[in-house]
Amino acid sequence: SVVRVGVNVHHSTRSVALDSMLNARLGEQGGGAVKGPERDRMRIAILDEASIVCSTLSFAGSAMFYRLSRRFDVVVIDEAAQAVEPSLLVPLVMGCKQVYLVGDPVQLPATVISRRALEYKYDNSLFKRMQLAGYPVKILDTQYRMHPAI
């Protein structure tokens with residue numbers, strides 16, 4: 001199963017949103033009596049049962065992930081070329097066997113506002129650093145998301 005964790009869930013992913021799945025489970029069990037700690041245990045059970053968990057980088061640091069009974073084999077990070085290095089490390093600190101960084105290295109750089117941070121090259125993403133270090137980068141030549149007329 002697929003579970004989407006985080007806030008501001010798009011209507012197209014609502015059916016796999018963690019809280020929607022929790023509410024469905026609570027509906028089956030008469031959810032009005034289930035309170036905070038038990039709800040959290042149920043959320044963790046849903047995540048433990050999932051084959052695929054989707055999250056933002058920042059939400060991947062949620063305490064909920066530290067309470068899972070397993071680790072993730074594979075972590076795929078989308079828009080990795082636009083994320084600053086520390087944010088990319090958030091989902092990796094719990095361990096994984098493989099990580100795939102997905103992004104466009106010639107699109108926007110990592111987003112940094114501080115001038116001092118720019119001086120220290122904080123606007124380099126881990127994606128870009130690995131590319132510059134010689135790690136293989138596969139550039140896709142087919143655009144799947146944009147309409148051909150654009």
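Modeller: Happy to! Let's begin with Arg43, which touches Leu18, Asp19, Leu22 and Met64 when residues up to four places away in sequence are not counted. Please keep in mind that this is a predicted model.

Colleague: Why does Arg43 count as buried?

Modeller: Its relative accessibility is 18%, and buried means under 20%, so Arg43 counts as buried. Arg43 has its place in helix H2.

Colleague: What makes the pairing of the Arg43 and Asp19 side chains a polar contact?

Modeller: The two side chains come to 3.0 Å, and the cut-off for a pair of N or O atoms is within 3.5 Å, where one must be able to donate a hydrogen and the other to accept it.

Colleague: How do you know whether Glu85 is buried or exposed?

Modeller: The value for Glu85 is 19% relative accessibility. Buried means under 20%, so Glu85 counts as buried. Glu85 lies in helix H4, residues 85-89.

Colleague: Which side chain does Glu85 join in a polar contact?

Modeller: That of Arg129, at 2.6 Å. Leaving aside neighbours within four places in sequence, Glu85 is in contact with Asn124, Ser125 and Leu126 as well as Arg129.

Colleague: And why is Ile113 called exposed?

Modeller: Ile113 has 81% relative accessibility, and exposed means over 50%, so the label for Ile113 is exposed. Ile113 sits in the loop between strand S4 (98-101) and helix H5 (115-119). Its C-alpha atom is separated by 9.0 Å from that of Asp123, ten residues apart along the chain.

Colleague: What about the nonpolar residues: which members of the largest nonpolar core touch the most other members?

Modeller: Among its 15 residues, these are Val3, Val5, Leu18, Leu47, Met64 and Phe65. Helices H1 (18-28), H2 (36-49) and H3 (63-66) are the elements that each give two or more residues to this core, and the largest share, four residues, comes from H2.

Colleague: What is Leu47 in contact with, leaving aside its neighbours within four places in sequence?

Modeller: Leu47 is in contact with Val3, Val5, Leu18, Val53, Met64, Phe65, Leu68 and Arg70. There is also a second, separate core of eight residues, and its members include Ala80, Ala83, Leu88 and Phe127.

Conventions: Residues numbered from 1 in each chain as written. Predicted model: local features only at pLDDT ≥ 70, side-chain atom pairs only at ≥ 80, totals over all residues. Heavy atoms only, no water. Core = buried A, V, L, I, M, F, W, Y, C linked by side-chain atoms within 4.5 Å. Buried < 20%, exposed > 50% of the residue type's maximum accessible area, 1.4 Å probe, protein only. Contact = heavy atoms within 4.5 Å.
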